[in-house]
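Here is a short report on helix packing and nonpolar cores. Look over the model before reading on.

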Amino acid sequence: MAMALAVWGGLVLGGGLQIPAALAALTAAASFAALALRAPDRTGTVALLAALALAGAARGAGHRALLSCQRAAIGADGTPWRIEGRLAGPPPRESGEPTGVLVVERARPPLAAGTRVRLRLPEGSTVEWGDRVQALARLELPPGARNPGGFDARAAADAAALAATGRAFTAIALPGGGAGAWPGLTVARWRRALERRLDAGLSPEARELVVPLVLGDRSGLSSDLNADLRAAGLIHLLALSGLHVMWLAAVARGLAAALGGGVRARALAGALCAALYAGIAGPLPSLMRAATGETLGAIARLRGCALDPVQALAVSALVLLTVAPGWADDLGFQLSCAATLGLATVGPWLDGCAGRARRWLAPFIPTASAQLTALPLLLARFHAVSWVGALSNLLAVPVAGLLLVAAWLAAVSEIALPGAGRLWAGACEVLAALLRAIATGAARLPGAMVSAGAEPGVLACAWTGAALLALALPGPRTLDARDRAPPAPRVAAALAGALALAVALACVATARPLRPPQGRAWLVALDVGQGDALALGFDDAWWLVDAGPRTPGFDAGQTLVAPFLRWAGVRRLGWLLLTHDDGDHVGGAGAVCRAVSVERIGAPPEHPRAPGPGERFGAVALARGDTLRGSPPAVILWPPPRDEPAAPPAGRPLTSADNAAGLVLQVGEAGGRALFLADVDSTVEESLAVAPGVLILKVAHHGSASSSGARFLARVRPALALLSVGARNHFGHPSPVVLGRLAAAGTQVRRTDREGALWLEWSREGVQLLEWRAGEPCRSRSVRSRAADGARAPARR
């Protein structure tokens with residue numbers, strides 16, 4: 001096991017320290033210590049581990065260097081590319097817009113053969129896994145992290161060995177796949193046959209769960225159900241891994257036994273089932289890990305050898321990481337290995353510790369053991385813990401297993417004999433509804449998913465505890481060893497690991513959110529694309545002004561805003577202000593309200609021509625003159641109270657009237673004020689009672705030419721203008737006219753489409769831009785300061 005950890009650690013370190021070096025060093029130290037306690041030749045063992053780590057580092061560095069060369073050839077100029085290559089996996093189609101990974105064979109302009117790109121294929125495209133495809137595409141380099149706590153597209157692309165992503169305007173299957181392509185093409189056709197049967201026999205609600213459970217295609221999963229599954233700790237049920245392979249391999253072995261097969265026949269049936277499943281679902285890292293482990297176990301049984309689960313896990317990880325070094329940073333692969341390791345090591349230990357209570361605790365032990373070893377990854381990637389996961393998994397895992405078997409029986413029987421699958425399809429409807437109810441019910445429990453923050457000390461404690469438990473608890477490998485008491489150092493290591501995990505969980509339970517220094521405030525403009533989501537941090541509370549857009553395939557509240565709040569350790573919002581009823585401002589509000597507790601929701605008062613979002617969210621009506629806090633003062637400047645007929649102005653289109661009735665908020669006093677203009681136009685701007693000398697201006701309407709009038713800018717004289725805008729949006733925002741007005745006013749401009757999330761710290765003394773990509777926000781440079789100096793570090797209090 002330590003050999004696999006040494007190679008894995010070398011790959012991570014050689015690939016660019018995606019996991020903090022301190023945590024990797026702690027894990028390596030624990031590995032060396034555990035091996036030194038048991039290895040007869042300690043010097044030779046450490047030397048071997050060091051050699052394997054160096055080999056892994058060289059492999060990881062080569063992988064990263066190759067990707068860098070391929071990306072340098074692609075560039076960032078948006079040149080159209082003509083590409084010929086072969087699809088390296090089944091294109092997911094449930095979302096209606098298929099995507100596929102193309103391995104380049106030739107391209108114009110030239111690209112190195114073997115370059116991998118992920119393309120959004122044209123709607124209705126029928127190309128399959130293994131097809132040679134000719135495409136006209138626009139390629140883009142994957143960006144790095146755009147928001148604190150959010151998804152890092154570049155790291156994900158590195159893990160998948162993708163040089164670029166893009167959109168294919170055309171995708172034509174070329175003839176002449178060759179004799180070697182027929183196995184992959186045949187399996188791809190089987191997959192499409194399964195999809196068609198599931199599509200014809202199931203309701204959309206059932207298919208939303210069945211297709212990802214059976215085939216791993218989560219592209220059609222709604223954002224609401226996705227959020228519920230995550231909050232309930234059940235999203236792993238739809239990530240094809242060891243659980244799915246175990247279920248289907250057990251069915252295959254059972255059928256082989258029913259036909260009179262012996263141990264070898266059953267082992268072969270399980271391995272063939274796992275290989276077929278991997279072929280149908282595609283080369284998903286977690287699924288390939290499980291299928292490889294099942295195959296290794298079958299080989300051991302065929303040879304009459306013993307292979308314990310830890311050995312199978314270690315060998316499968318070594319084999320796969322040698323072939324695909326990027327998987328060392330793939331979250332699905334990491335979680336699959338961590339959970340399997342917990343089941344094989346921590347599970348038996350917990351079972352033994354249960355004693356007389358084993359009868360009652362046994363159902364919870366598998367989930368608890370898997371989550372304990374996966375805890376460091378969950379904290380590092382999701383910054384949250386699902387406290388209801390043990391109970392929800394106890395109910396959902398059996399239901400998901402039955403649903404998986406019923407779905408396969410429904411599809412296969414319908415293919416073999418049309419009409420024979422109706423009974424099983426009916427069972428799928430019932431089981432899918434039950435699984436949905438479990439997920440929804442668990443997710444709605446108070447505090448189902450608790451924000452944990454991103455405290456490095458807590459992560460180090462969790463990593464240390466999980467590593468010590470996993471390395472100290474593997475059971476004896478010989479019959480003689482079972483009769484002997486475990487060595488004292490192993491017992492001490494296990495106790496130390498349990499204590500470290502307990503401390504990490506206690507720290508998570510009592511975690512405090514990030515807070516700005518006393519007398520200062522934070523403004524975090526999240527990069528939500530074409531929309532607004534502005535987080536305000538004070539020394540006693542966090543607020544959110546708007547929550548970003550929502551579309552059928554994207555919910556900024558769930559995907560971007562909630563992860564940021566969890567990263568910052570925020571569990572309660574003092575105010576959620578919804579400036580007006582446009583989808584790019586309030587679309588993500590529902591997801592935010594489900595993710596964290598919200599004390600008060602504020603919205604503009606209802607008007608005949610602009611009803612606003614207040615009634616839908618149970619919001620307090622806010623109007624001009626309302627004071628939301630005293631220090632720093634936060635005052636509503638617009639709209640007028642409901643009894644004043646001035647808002648919205650008569651004669652405007654409804655959408656324009658809604659913009660004109662939006663909330664305008666001013667926070668701060670004297671020369672340290674921030675002004676948030678929502679989507680109001682220049683007419684409203686002229687009506688605002690704003691004193692000159694605004695420090696931060698959130699530019700109205702994403703930089704539309706109808707806002708940010710020259711007279712208004714000359715009057716308020718903002719030091720810094722913040723533009724929340726989507727890259728290459730079809731509105732043409734920000735308008736060049738507005739950028740010219742801001743330049744003429746001497747205002748410095750910051751844009752989320754170019755810089756990602758912007759984290760500003762301000763007070764009456766001035767404003768500073770904080771750098772958040774290296775961890776907790778820290779001072780990077782002065783944007784425009786009216787203070788001589790005096791920087792203080794942010795604190796978590």
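This is a predicted model: local features need pLDDT of at least 70, side-chain atom pairs count only at pLDDT 80 or more; totals for chains, interfaces and linings use all residues.

Residues are numbered from 1 along each chain as its sequence is written, and side-chain values use heavy atoms, with hydrogens and water left out.

Start with helices H5 (residues 182-201) and H6 (residues 204-215). Helices here are DSSP runs (H or I, at least four residues). The H5 and H6 axes, fitted to C-alpha atoms over the stretch in contact, come within 11 Å and cross at roughly 160° (angles run from 0 to 180 degrees between N-to-C directions). H5 and H6 are therefore roughly antiparallel (over 145 degrees).

The contacts (heavy atoms within 4.5 Å) are tabulated by helix.

| Helix | Residues in contact |
|---|---|
| H5 | Arg191, Leu194, Glu195, Leu198, Asp199 |
| H6 | Arg207, Val210, Val211, Leu215 |

By class, this contact has 5 nonpolar (here Leu and Val), no polar and 4 charged residues (here Arg, Glu and Asp).

Now the cores. A nonpolar core is a set of buried Ala, Val, Leu, Ile, Met, Phe, Trp, Tyr and Cys residues (under 20% relative accessible area, 1.4 Å probe, protein chains only) joined through side-chain atoms within 4.5 Å. The largest has 50 residues. Leu229, Leu234, Tyr277, Leu403, Leu404 and Trp408 have the most contacts inside it. Helix H15 (389-416) is one of the contributing elements. H15 gives the most, with 9 residues. A second, separate core of 33 residues includes Leu514, Phe564, Val586 and Trp759.

Definitions and conventions:
Helices (H or I, at least four residues) and strands (E, at least two) are DSSP runs, numbered from the N terminus. Angles under 35 degrees count as roughly parallel, over 145 as roughly antiparallel, 65 to 115 as roughly perpendicular and the rest as oblique.
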